[in-house]
Amino acid sequence: MVRDLQIVEEPRRPVSMDPKKFALWLFIVTIIMLFAAFTSAYIVRQAEGNWLDFSLPTIFYWNTGILLLSSVTMQWAYNSAKRDDLKNIKTAISLTIVLGICFLISQIFGWGMLVDAGVFFVGNPSGSFMYIFTGLHGVHLISGIFFIIMVLIATVKYNVHSKNILLIEMCNTYWHFLNALWVYLFIFLLLNR
Amino acid sequence: MAIADIHVAEDTHHEDHLDHEQSFVTKYIFSQDHKTIAKQFLITGIFWALMGGLMSLVFRLQLGFPEATLEWLRPIFGGWITESGKLEPEFYLAMVTMHGTIMVFFVLTAGLSGTFSNFLIPLQIGARDMASGFMNMLSYWFFFVSSVVMFISLFIETGPAMGGWVIYPPLSALPQAISGSGLGMTMWLIAMMFFIVSTMLGGINYITTIINLRTRGMSFTRLPLTIWAFFLTAILGLLSFPVLVAAVLLLIFDRSFGTSFYLSDIYIGGEALPNSGGSPILFQHLFWFLGHPEVYIVILPALGITSEIISTNSRKPIFGYKAMIGSLMAIAILSFVVWAHHMFITGMNPFLGSVFMLLTFIIAVPSAIKVFNYITTLWRGNIIFTPAMLFSIGLVSFFITGGVTGIFLGSAALDIQLHDTYFVVAHFHIVMGSAAFFGMVAGVYHWFPKMFGRMMDARLGYIHFWMSFVGVYSVFFPMHYIGIAGFPRRYYSFTNFDAFNSYADLNALITIAAFITMSAQFIFLFNFFYSIFRGRKTPQNPWNSNTLEWTAPINPEHGNWPGEIPTVYRWPYDYSKPGAKEDFIPQNIPFSETPESNFPNETESIKLQGIDKGDAIIVDETEE
């Protein structure tokens with residue numbers, strides 16, 4: 001009798017997600033907190049006055065477009081991986097890398113335009129914050145590009161396909177996040193000049 | 001079923017992987033085993049606790065006996081002892097700063113969370129290891145690098161950081177202001193960056209492991225309170241440390257690249273610095289947004305450990321399990337909206353001050369719930385006074401004493417008088433410092449048998465407890481009076497001021513008590529290291545505890561359980577259940593094996609499942 005009862009008492013396995021994917025989301029949370037701190041600091045500091053006003057470099061409008069386009073190509077790569085379309089994965093990923101690098105280069109041009117406009121890293125915090133936002137986002141974007149290069153190498157080795165989707169899925173999530181982060185920063189800077 | 005199959009396959013694969021021989025380096029140094037990493041954190045934490053404790057004695061000597069000659073310390077401190085045999089004032093500030101930094105971050109964050117989160121999470125939730133052993137290993141080694149940098153900074157010519165552990169600019173930003181703000185401060189900032197990386201890696205791992213790697217049946221409402229505390233601590237760290245990164249990064253740019261985030265209109269020697277437009281208050285906001293959650297990062301794990309130990313040694317279920325979880329959550333959430341109570345006198349808008357005051361007072365509610373539940377758990381229990389239990393009760397005592405003074409300090413009006421006096425020092429050393437330290441020591445006494453397979457000596461434990469307990473109260477209680485009298489903290493000397501002379505004897509008493517308290521810690525150190533090698537061999541379950549770690553072998557290998565991971569059928573606090581044969585029922589015992597002690601609803605739940613699913617379940621279960 002006791003034996004029978006023991007068998008019917010079936011404990012459930014707790015709901016769980018892939019640990020790596022989960023850890024990536026937690027990492028994203030830390031980046032969100034980092035930029036939340038910076039943008040809050042920006043608002044707090046701005047409220048105190050003595051704030052240099054300047055307009056954003058026009059190139060930022062263009063390279064935001066480039067970055068959004070790279071999100072599209074990344075999604076294309078991910079969808080191709082789900083369909084086992086290996087040739088398209090390689091094309092789409094390479095395009096994403098090129099677009100990402102284009103964005104970084106245009107950010108440096110953006111800095112050049114800021115300098116030409118007389119906005120320097122050392123000076124009024126208003127300008128310094130500008131460089132901090134773009135610079136730190138750039139650093140994270142470089143980490144994203146390294147991640148994509150890892151995926152590209154894995155793709156060349158035939159390690160990315162519909163049965164082995166985790167790596168490119170995580171890369172896709174991270175890249176979309178980094179692009180959304182830039183869009184947030186861009187809109188934030190537009191609204192809080 | 002398919003899901004379960006994959007998991008079984010994974011598990012066996014895991015064991016195969018773990019079985020092969022490991023070299024000394026991979027087993028003890030670059031280990032990926034959570035138990036070894038926990039011990040590495042513990043030993044490093046103990047080293048830092050010793051350093052931090054000894055530093056406090058140095059500046060206590062100065063405060064208690066300002067006339068005494070410290071010539072005998074010259075062999076250690078060299079040039080930091082002046083010609084007349086006194087402590088160099090700047091060195092005093094360095095000691096105070098490093099004592100705070102070391103104790104808050106290296107001992108009570110890394111040493112406490114690092115040790116017990118690493119050690120207990122996989123063992124208590126029934127997992128083979130952390131989600132990522134590699135990240136876990138990195139977490140320790142980043143902490144190690146951080147420790148090395150901080151340690152080296154103690155020996156450089158200009159001295160370590162001297163601006164206080166809160167490193168407020170402009171003092172910390174300008175090397176011209178104090179010698180410690182030169183290279184020492186740079187090293188402090190580098191060390192803290194490494195430390196934050198370590199905490200992030202650890203925290204991501206803890207959260208991922210707790211959510212995703214629990215054994216079958218281990219629902220959130222069956223988690224031991226230790227795990228709940230570690231879980232919420234890790235979340236706090238994850239949300240607050242990035243903000244410190246932001247604060248520190250801006251400070252680094254101010255110090256090394258000439259920006260003006262925190263600096264404005266500063267004159268040194270009559271000459272104006274080029275910086276303009278910065279705001280030092282901005283740093284305080286950013287710092288305390290981390291700083292306040294940080295004090296809960298320090299105390300929550302200690303409270304979790306205490307819940308477990310008090311319940312086990314009272315042989316009673318914890319009173320209000322869900323209220324305990326709820327109050328932990330409430331504390332965690334509230335900790336993010338009270339940071340400005342550290343800044344009442346910075347010239348903040350008084351209306352804002354009263355908002356933060358109200359929010360601060362609300363924290364008293366969940367804290368009081370916790371204390372109430374500890375006392376009601378003890379109430380009429382069959383208390384067993386193990387050293388761990390004594391230290392846990394000591395924690396509850398400190399938490400009450402320090403909590404009451406917290407209400408004084410949380411009031412914006414009273415804080416005008418008490419801010420930056422010894423009253424504050426007394427408050428946080430009792431409620432956060434000593435309480436968390438007692439929680440940590442309690443944890444060491446309680447889980448020592450699981451860590452090293454041997455018991456610590458209880459008699460030395462009792463001596464350690466009574467000397468520490470009485471010692472801590474004699475050190476910090478008189479400080480309240482000194483603080484109310486208006487003694488500011490961080491002052492090198494009070495003998496220059498007539499008003500403060502009257503308390504010279506009290507200061508001397510505190511110093512003597514500090515020496516006694518510190519000497520008790522050497523009893524602990526001896527007990528700890530002696531017992532690792534020569535302690536009495538431990539039985540399987542020395543405290544008759546319910547949680548899963550005591551079902552693992554006495555000296556668990558990498559992988560924790562040699563066979564299958566135990567399944568969990570009940571919550572962890574079935575102590576002295578009416579009708580049960582023994583006064584504890586471990587979590588892995590099904591209700592069907594304890595018909596004599598089941599509550600009606602528990603019997604009901606087994607029956608219902610039987611009727612619903614019938615024989616089909618039997619087939620399923622054998623398949624698995």
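Visitor: How many residues of chain A are in contact with chain B?
Guide: This is a predicted model, and in it 34 residues of chain A are in contact with 46 residues of chain B.

Visitor: Which helices of chain A supply that side?
Guide: α1 (2-8), α2 (19-47) and α5 (125-156) of chain A each put in at least two residues. The largest share comes from α2(A), with 14 residues.

Visitor: And by class, what has the side of chain A that touches chain B?
Guide: There are 22 nonpolar residues there, plus six polar and six charged.

Visitor: I've clicked on Arg45(A). Where does that one lie?
Guide: Arg45(A) lies in helix α2 of chain A. Leaving aside neighbours within four places in sequence, Arg45(A) is in contact with Pro125(A), and also with Ser279(B) and Leu282(B) from chain B.

Visitor: Does Arg45(A) count as buried or exposed?
Guide: Buried, because Arg45(A) has 24 C-beta neighbours inside 10 Å, and the cut-off for buried is 20 or more.

Visitor: What separation do you get between the C-alpha atoms of Arg45(A) and Asp18(A)?
Guide: 41 Å, with the two residues 27 apart along the chain.

Visitor: Which residues of α6(A) are buried?
Guide: The list is Ile168(A), Cys171(A), Asn172(A), Tyr174(A), Trp175(A), Leu178(A), Asn179(A), Leu181(A), Trp182(A) and Leu185(A). What covers them includes α2, α3 (59-82) and α5 of chain A.

Visitor: OK, over to chain B. How many helices and strands?
Guide: Chain B has 18 helices and two strands. Its radius of gyration is 26 Å, close to the 25 Å that the globule rule gives for 624 residues, so chain B is as compact as a globular protein of that length.

Visitor: What does the C-alpha trace of chain B span?
Guide: About 90 × 55 × 50 Å along the principal axes. Buried residues make up 52% of the 624 residues in chain B. Among contacts in chain B between residues at least 6 apart in sequence, 79% join residues at least 24 apart.

Visitor: How is chain B divided into domains?
Guide: Into domain 1 (32-534) and domain 2 (548-623). Their C-alpha centres lie 39 Å apart, and 23 residues of domain 1 of chain B are in contact with 23 residues of domain 2 of chain B.

Visitor: On the domain 1 side, where does the largest share come from?
Guide: From helix α5 (residues 89-125) of chain B, with four residues. By class, that side of domain 1 divides into eight nonpolar, seven polar and eight charged residues.

Visitor: Last topic, the largest nonpolar core. Which residues touch the most other members?
Guide: Of its 215 residues, those are Phe231(B), Ala246(B), Ala247(B), Leu286(B), Ala435(B) and Ala436(B). This core draws at least three residues from each of domain 1 and domain 2 of chain B.

Visitor: Take Ala436(B), what is that in contact with?
Guide: Leaving aside neighbours within four places in sequence, Ala436(B) is in contact with Leu108(B), Leu112(B), Val298(B), Ile299(B) and Ala302(B).

Terms used:
Residues are numbered from 1 along each chain as its sequence is written. Chains are lettered from A and ligands numbered from 1 in the order in which they are written. This is a predicted model: local features need pLDDT of at least 70, side-chain atom pairs count only at pLDDT 80 or more; totals for chains, interfaces and linings use all residues. The radius of gyration is taken over C-alpha atoms; the globule rule is 2.2 Å times the number of residues to the power 0.38. A residue is buried if 20 or more other C-beta atoms lie within 10 Å of its own, exposed if 12 or fewer, and partly exposed in between; C-beta atoms are placed from the backbone. Two residues are in contact if their C-beta atoms, placed from the backbone, lie within 7 Å. Ala, Val, Leu, Ile, Met, Phe, Trp, Tyr, Cys and Pro count as nonpolar, Asp, Glu, Lys and Arg as charged, and the others, Gly among them, as polar. Domain bounds come from an automatic or database domain assignment. A nonpolar core is a set of buried Ala, Val, Leu, Ile, Met, Phe, Trp, Tyr and Cys residues joined through C-beta atoms within 7 Å.
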